[in-house]
Amino acid sequence: NNVFFWHGLGWFEDVLRSPRFQAALGRQLLFTGLVLLIEVPLGIAIALAMPRSGPWVSVCLVLMALPLLIPWNVVGAMWNIFALPDIGLMGYAINNWLGIPFNYTQSPLAAWFTIVLMDVWHWTSLVVLLAYAGLVSIPDAYYQAAKIDGAGPWAVFRYIQLPKMKRVLTIAVLLRFMDSFNIYTEVSVLTGGGPGNSTTLLSIDLVKIALGQFDLGPAAAMSLIYFLITLLVSWVFYAVMTKDEPN
């Protein structure tokens with residue numbers, strides 16, 4: 001009835017003590033951790049496999065850039081259809097060809113598999129392009145010196161390629177952390193936070209509290225806590241990955 005009151009820090013205390021917030025934060029951290037563990041190594045591996053010269057370079061770069069050009073809501077809608085157990089190609093193949101029961105609308109494990117796979121498909125390309133940019137900037141003199149010293153592929157990667165990619169990988173990890181930790185549209189369109197609350201990430205829960213329940217006080221406090229967590233973890237990532245670099 002438009003009756004407003006001041007609750008001060010109480011909103012923040014209520015949110016931090018709420019089991020609902022803690023569960024949503026845990027799911028958000030799990031999702032972000034999974035996609036980072038998959039996308040960063042996979043992106044580096046694909047970048048290493050891409051050609052450095054010739055006509056195939058342009059083809060590979062265009063193919064890598066294509067998923068990034070698709071709007072987020074369209075990505076969710078595409079994977080919604082793609083993963084359906086009856087008419088979706090992936091869902092049908094897993095159920096009928098592999099013989100594994102799969103229905104992301106009923107099984108929390110299948111829903112998590114689908115949202116992680118969707119994010120890997122959509123955003124690994126960003127890591128690939130950044131890692132590839134770091135690789136092509138390495139002078140040939142480093143490779144020639146390594147060849148003279150008899151260094152193998154692993155030694156070349158560990159002592160030449162990986163250190164030279166450190167700056168771009170720092171950017172890739174920061175971007176992917178912030179994007180995945182604040183993801184909303186794709187997961188909301190694909191699963192809506194279900195089945196049950198199994199894929200209700202922090203962003204989805206925030207929207208439900210603010211717009212669904214219209215609890216603006218807790219939602220405002222939660223949004224600030226959400227922002228501070230993102231800022232803090234991003235700062236930690238940056239500090240750890242750049243601690244050995246000269247000022």
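Contact here means heavy atoms within 4.5 Å. By that criterion, residues 24 or more positions apart account for 70% of the protein's contacts with a separation of 6 or more. The model is a predicted one, in which local features need pLDDT of at least 70 and side-chain atom pairs count only at pLDDT 80 or more, while totals for chains, interfaces and linings use all residues. Residues are numbered from 1 along each chain as its sequence is written, and side-chain values use heavy atoms, with hydrogens and water left out.

Of the 247 residues, 40% are buried, where buried means under 20% relative accessible area, exposed over 50%, and partly exposed in between (1.4 Å probe, protein chains only).

Helix α8 (residues 153–164) has 12 residues, which at 1.5 Å a residue should span 16 Å, in agreement with the 15 Å between its end C-alpha atoms; the expected span is 1.5 Å times one less than the number of residues. Buried in α8 are V156, F157, I160 and Q161. Viewed down the helix axis, these buried residues fall within an arc of 125°, so they line one face of α8; the arc is that of the directions from the helix axis to the C-beta atoms. W154 and Y159 are exposed on the other side of α8. The cover over the buried residues of α8 includes α2 (19–49), α6 (108–136) and α7 (140–148).

Helix α5 (residues 89–97) buries M90, G91, A93 and I94. These residues cover an arc of only 165° around the axis, which puts them on the same side of α5. They pack against α4 and α6, whereas L89 and W97 are exposed on the face turned away from the buried side. After α5 comes G99, with a positive phi near 70°.

Salt bridges (a side-chain nitrogen of Lys or Arg within 4 Å of a carboxyl oxygen of Asp or Glu) number 4 in the whole structure. In one of them, the side chains of D205 and R20 meet at 2.7 Å, N to O. This pair links distant parts of the chain, with D205 in helix α11 and R20 in helix α2, 185 residues apart. D205 counts as buried at 3% relative accessibility, and R20 as partly exposed at 34%.

A further salt bridge joins R176 and D119, again at 2.7 Å, N to O. R176 belongs to helix α9 (residues 166–181) and D119 to helix α6, so the pair ties together parts that are 57 residues apart in sequence. R176 also forms a salt bridge with D179, with the closest N and O atoms 3.7 Å apart. Being 3 residues apart in helix α9, R176 and D179 are separated by about one helical turn. R176 is buried, at 1% relative accessible area, while D179 is partly exposed, at 31%. Salt bridges with shared partners join E39, D119, R176 and D179 into one network.

Helix α11 also contains S203, which is buried with a relative accessible area of 6%. Neighbours within four places in sequence aside, S203 is in contact with Q28, N182, I183, Y184 and Y226.

The loops hold some backbone details worth a look. Most residues other than glycine have a negative phi, and most peptide bonds are trans. F214, which is not a glycine, has a positive phi of about 60°; F214 lies in the loop between α11 and α12 (216–241) and is exposed, at 57% relative accessible area. A cis peptide bond, with omega about 0°, joins G194 and P195, and P195 lies in the loop between α10 and α11.

Technical notes: Helix = DSSP H or I, 4+ residues; strand = E, 2+ residues; numbered from the N terminus.
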